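Subject: Structure for you to look at

Hi,

Here is the structure I said I would pass on. Have a look at it first, and then read on for what turned up.

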Amino acid sequence: MPAARVLGVVGPRARTGAAVGGVLVLLLTACGADDGGSASGGTAGTSTAPPAELPEAEDISGLPGAIPGEPFPDFALARDGVVWISGVQPGIVGYDGATGEQRAAVETSDVMLAMDAGFGALWAVEASDGQYPDTVLRIDPATGQVTARIPAPEPGVLPESSLAVTDDAVWALTGQFEDPEDRSLAAVDPTAGTVRDVFPAPPGAAAVRGGFGSLWISVADGSVVRVDPADGSTQATIDTGRGSRFLTVTDDAVWVLNNLDGTVSRIDPDTDDVVATVTVSAGSVQGGDIAAGDGSVWARTTEELATEVDAQTNEVLRVLGPPAGSGSVAVAGGMVWLTAHDVRTTYRVPLS
C-alpha cells in the first residue's frame with residue numbers, strides 16, 4: 001500500500017521524498033508496544049538472514065496488460081478470481097484476475113486502508129467526510145452494490161491500516177496518527193451490520209489480520225501482538241522488525257512487512273516465534289504491502305517494485321522493477337498485480 005497521505009485531501013498517499021511520509025514514519029515508530037503482561041513469543045529459534053544482495057530486478061515496464069486508473073490505484077485484494085482495487089473511479093473496481101477485464105465497480109468515498117473479504121462480502125472503509133475513515137462498507141462482490149454502511153466508533157478507523165476477518169466478525173483498528181497511544185480494536189457483526197465489541201489495542205498498533213483462531217496486530221516499534229478475538233486479551237507478543245506494518249497469512253504462517261528494515265518476518269503460529277527474517281528491499285519501504293498466493297509471498301517495496309519470497313524455503317525468488325513509488329500487491333489468475341499510484345497504473349506480471 002501506498003505511504004502516508006495528506007488527510008483531508010483526496011489524492012494519492014504521499015510519496016517518495018514527501019515530508020508527510022517522514023512524519024508518518026515518525027508517528028508509527030515512536031510508539032511502544034504493551035503486552036499487557038502476557039506471554040511473550042520472543043524470537044527463540046529465529047533464522048535471521050543477514051542483509052543480502054538481492055537478485056537483479058526484472059524490468060516489467062514493457063509488459064502488456066498494464067491498466068491505467070484514476071485518480072490513483074491504491075489498495076489491492078484478490079478473492080475468488082477477482083482483484084479489487086481502491087482509488088479507481090468510482091471508488092473500488094473489481095477486475096478479472098486472469099484477463100484484467102472489469103467485472104464490477106463500487107461507488108465509494110476515499111478508501112484509506114486495506115480491504116478484506118468474508119461472509120460472502122467484500123469489506124472496506126470509506127472516509128465519508130474526506131478526512132478520516134469513519135464508515136465500514138459491506139459490499140456484494142457479485143453486483144458491486146454497497147449493502148450496508150456501518151458507522152465506526154469514534155475517532156474513526158486508523159488510516160493506512162487494514163481490516164481483518166475472523167470466524168464471526170470483521171475487525172478494524174480505530175485511532176488517529178496524531179495519538180498513537182489511543183488505539184482500539186472494533187468488531188463488526190457481519191450479519192447485523194453493527195459494532196459488537198470494542199477492545200483496547202496495543203499502543204502504536206498499525207495493522208491487523210485474522211488467522212489461526214486469533215487476531216494478529218502489528219506494532220510499529222517492531223512487534224506483532226497475538227490477540228484472542230473472544231475477549232481482546234493478549235496471547236503473545238512477538239519481536240519482529242522495525243516499522244512492522246502490513247500482514248498476510250498463509251496455511252502455516254503469519255508474515256509481516258517490516259518497513260524500516262526492508263525485511264519480512266515469518267511467524268510460526270504453533271510456537272509464536274519468528275522462524276525466518278528475509279531481506280526484501282535494498283532500503284526502507286514507504287507504505288508498501290504484502291500478499292500471498294501460489295506458494296509465494298510478495299512484498300510491494302519502494303527501492304524496487306516488488307520482491308517474491310518462496311513460502312516454503314523463505315528464499316527470495318524474484319525482484320521486479322523499476323521502482324514506481326508506493327502501492328499494493330495481490331496474486332490472482334496466474335498474475336501478480338502491482339498498483340503504483342504515483343504513476344496511476346496497475347501492472348500485471350505473469351508468475352514464474
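What share of the 352 residues of the chain counts as buried? The answer is 60%. Please keep in mind that this is a predicted model.

First, the overall picture. If you take contacts between residues at least 6 apart in sequence, 48% of them join residues at least 24 apart. The chain exposes about 12,800 Å², with carbon and sulfur atoms supplying 49% of that area.

Now to R348, which sits in strand β30 (residues 345-350). This arginine is buried but has no salt bridge. Its nearest side chain of opposite charge is D96, 6.7 Å away, and a salt bridge needs the nitrogen and the carboxyl oxygen within 4 Å. What does the side chain of R348 reach at 2.8 Å? That would be the backbone oxygen of A98. The backbone oxygen of G65 also lies 3.4 Å from a polar atom of the R348 side chain. Leaving aside neighbours within four places in sequence, the residues in contact with R348 include L63, P64, I67, T99 and W337.

And D96? That aspartate forms a salt bridge with R103, with the closest N and O atoms 2.7 Å apart. D96 is buried, at a relative accessible area of 17%, whereas R103 is partly exposed at 49%.

One is D116 with R209, where the closest N and O atoms are 3.3 Å apart. D116 lies in strand β8 (residues 116-118) and R209 in strand β16 (residues 205-211), so this pair ties together parts that are 93 residues apart in sequence. Both partners are buried: D116 has a relative accessible area of 5% and R209 one of 14%. R79 belongs here too, as R79, D116 and R209 are linked in a network of salt bridges.

The other is D252 with R266, with 3.2 Å between the closest N and O atoms. Here D252 lies in the loop between β20 (244-249) and β21 (254-258), while R266 is in strand β22 (residues 263-268), so the pair ties together parts 14 residues apart in sequence. D252 counts as partly exposed at 34% relative accessibility, and R266 as buried at 8%.

Cheers

Technical notes: Residues are numbered from 1 along each chain as its sequence is written. This is a predicted model: local features need pLDDT of at least 70, side-chain atom pairs count only at pLDDT 80 or more; totals for chains, interfaces and linings use all residues. Side-chain values use heavy atoms; hydrogens and water are left out. Buried means under 20% relative accessible area, exposed over 50%, partly exposed in between (1.4 Å probe, protein chains only). Contact means heavy atoms within 4.5 Å. Accessible areas come from the Shrake-Rupley method with a 1.4 Å probe; for residues, only the protein chains shown count as cover. Helices (H or I, at least four residues) and strands (E, at least two) are DSSP runs, numbered from the N terminus. Lys and Arg count as positive and Asp and Glu as negative; His and the chain ends are not counted. A polar contact is a pair of N or O atoms within 3.5 Å; within protein, one must be able to donate a hydrogen and the other to accept it, and residues adjacent in sequence count only if both atoms are side-chain atoms.
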